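Please open the model in your viewer and keep the selection panel at hand. The tour below moves from one selection to the next and says what is found at each.

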Amino acid sequence: MTQPLLELDQLRTYFVSAKGTRVVKAVDGVSFTLNEGETMGVVGESGSGKTVTSLSILRLLPPAARIVGGEIRFAGENLVAKSEREMQRVRGSQITMILQDPLMSLNPLFTIGEQIAEPLRVHRSMRGQSLVERIKELLRGVRIPSPEVRMREYPHQMSGGMRQRIVGAIGISCEPRLLIADEPTTSLDVTIQAQYLSLLKDIQKRSGLAMIFITHNMGIVAKMCDKVGVMYAGRLVERAPVRTIFTKPAHPYTEALLNAMPKLTEKTERLWSIEGQPPDLANLPPGCPFSPRCPKAEDRCHREVPPEFQVGDHHHTRCWLWERR
Amino acid sequence: MSETLLELRDLKKYFPVTKGIIFQKPVGWVKAVDGVSYAIGAGETLGLVGESGCGKTTTSKLILMLEKPTGGTIVFRGQDIQALQGDGLKTYRRNVQAVFQDPFSSLNPRIRVGDIIAEPLVVNDAPPKAEVKARVRELLHLVGLNPSAEYLFPHEFSGGQRQRIAIARALSLNPSLIVLDEPVSALDVSIRAQIMNLLQDLQQQFGLSYLLIAHDLAAVLHLSTNIAVMYLGKLVEFGTSDDLRYKPLHPYTQALFSAALPSHPDEQREELILSGEVPSPLNPPSGCRFHPRCPFAKSVCSEVEPVLKTAAGGHQVACHLY
């Protein structure tokens, strides 16, 4: 088997307070692998550690957060051990990220063309006419009409969908091998969301890049991803190929997430709801963090943290229910 | 169909676009809501769907009397609400309440939860303190919160709990209609189902009517009795949620369905991805407003504006294809 493009091995990212008295385990032992050209969906609620995981891969964590353990191997190299200088060469050129709100990720004072040019200048040392040509090509690639005009305009002159496509163009400008998309469509309308998702799929087909899709929407996962990791309270509670997750979810949380979603094509009388609130990461319950809300919890779940069990081919879950099998 | 509670008749709201700072000259009109008619029955939920800028929120503001309509009427229990005065107006206002999208900005952070819920009561009836307190307790219980929540501030609650507080406040005056403007879209997935179930329970218990505004089509279908689809201020389709679920007629509705996310990776659906974006309401396209994006557009579509036609079972559609 060939080497995976990205391999997370027991990644742990903690937030530590100034005096070191309070520790929040935002990411606690997350492992997964991603091959070239694959799309992985990371699903979870707010505060489950999805975004911190992706920021850890890029090493763009806020000052209070620290990677305290584990390895992130990207194309065979451990990103955790790299210096800041070396990381700068990876970011924007090998790994790029698209954030949720395109208005926040674009600088309002620079033209679209300037902003797409920046990574190309820095990483690819492009200048002059070839740079302009490349910018136009990228804008056409994300289906922006009349790129010659648009590249001289500012972000406020574009609609939300166009801005997000511009961010996409910046993301793929240096032909990265991995694109991390953090809830890229939450601020968009449904029809624009559908346009954007099909655009991302097209780009992926053309360039064979790997993607990590961070979302809380199982529908996006169903549409876009090859495999899925479900996060809860900083841990990956289940990972499996996408069809397995939807047909045979192993973890009660995954099952509940799927059942809590109203269906478009069939009528449901009542939704299955997960009682209670997502846990406070600074004050996790002992044992499995999902146990207080889990309908299938046993005594042991409240006492011991479950390790990862193998359920099937490429299908792992952290749940005591699978120990006996 | 049950008894009609609220009816919109050819409702219009135009916003002027002005030029100049002191002597403002109107140079155009944004037709945010342009001749919309539909009815909400007692105990029913009407779902209002459409993209941003289609006039959903303006419609709800008109119903809440936060904006004055440019034309048309809103009829509540047989009475035109613009003609209401004094007690009649007061009764209307207490009968129509609202729950908004973002429970972080719709609750005053400096007021205790008990007072937030009691405020409508105190303002309207000013009952004795003990009664207010008992009612607040009752409401907290209804929405599934602990009675001790009364003494806490909004920041001490999570998003889902705050939305419960907002619902309790809306319920405090025993309204007959609640306008729900994106009530679950700011919430986490696992919490959404809780709130949707709560809304359904309360509807059954009190025979409430809801006007539900949301862009998550699956959620709207799940909660609604009837659904109205809007595009650029116009009503393009109206029908029961089953009508729309199983046979959406208007190409725009079909496109919305096709754009909605699948619930299973193997789910096969006709791909009907719309090109382009919603045109500016300042200068809407001639004829059918949807024709520049419509895959089935004919020449007549750009010339003549389609009228709302009624098909079998009260299913209405405004499209030249039918």
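Two strands are said to pair if DSSP finds at least two bridges between them, and helices (H or I, at least four residues) and strands (E, at least two) are DSSP runs, numbered from the N terminus. The model is predicted, so that local features need pLDDT of at least 70 and side-chain atom pairs count only at pLDDT 80 or more, while totals for chains, interfaces and linings use all residues. Residues are numbered from 1 along each chain as its sequence is written, and chains are lettered from A and ligands numbered from 1 in the order in which they are written.

Begin by selecting residues 6–16 of chain A, which form strand β1; this strand and β2(A) pair in the antiparallel sense over 9 bridges, and within the pair A:E7 stands opposite A:T33 of β2(A). Widening the selection brings in an open sheet of 4 strands in chain A, with the order β2-β1-β4-β5 and antiparallel pairing. Because β2 (23–34) and β5 (77–78) of chain A are at the edges, each with a single partner strand, one side of each is left without a neighbour in the sheet.

Next select residues 50–58 of chain A, helix α1, which lies across β1, β2 and β4 (65–74) of chain A and runs at about 70 degrees to β2(A); the angle is taken between N-to-C directions, on a scale from 0 to 180 degrees, with axes fitted as lines to C-alpha atoms, for helices over the stretch in contact.

Now show both chains: 36 residues of chain A are in contact with 32 residues of chain B, contact meaning that the C-beta atoms, placed from the backbone, lie within 7 Å. On the chain A side, the elements that give two or more residues are α8 (190–207), α9 (218–224), α10 (242–247) and α11 (252–259), and the largest share, 7 residues, comes from α8(A).

In chain B, select B:I167, which lies in helix α5 (residues 159–171). B:I167 is buried, with 26 other C-beta atoms within 10 Å, where buried means 20 or more such atoms, C-beta atoms being placed from the backbone. Leaving aside residues up to four places away in sequence, B:I167 touches B:V99, B:V143 and B:L198.

Strand β9 (residues 226–231) of chain B is joined to β10(B) by 6 bridges and runs antiparallel to β10(B), with B:T240 as the bridge partner of B:N226. In the hairpin of these strands, which has 2 residues between them, B:L232 takes a positive phi near 50 degrees.

Terms used: Two residues are in contact if their C-beta atoms, placed from the backbone, lie within 7 Å. A residue is buried if 20 or more other C-beta atoms lie within 10 Å of its own, exposed if 12 or fewer, and partly exposed in between; C-beta atoms are placed from the backbone.
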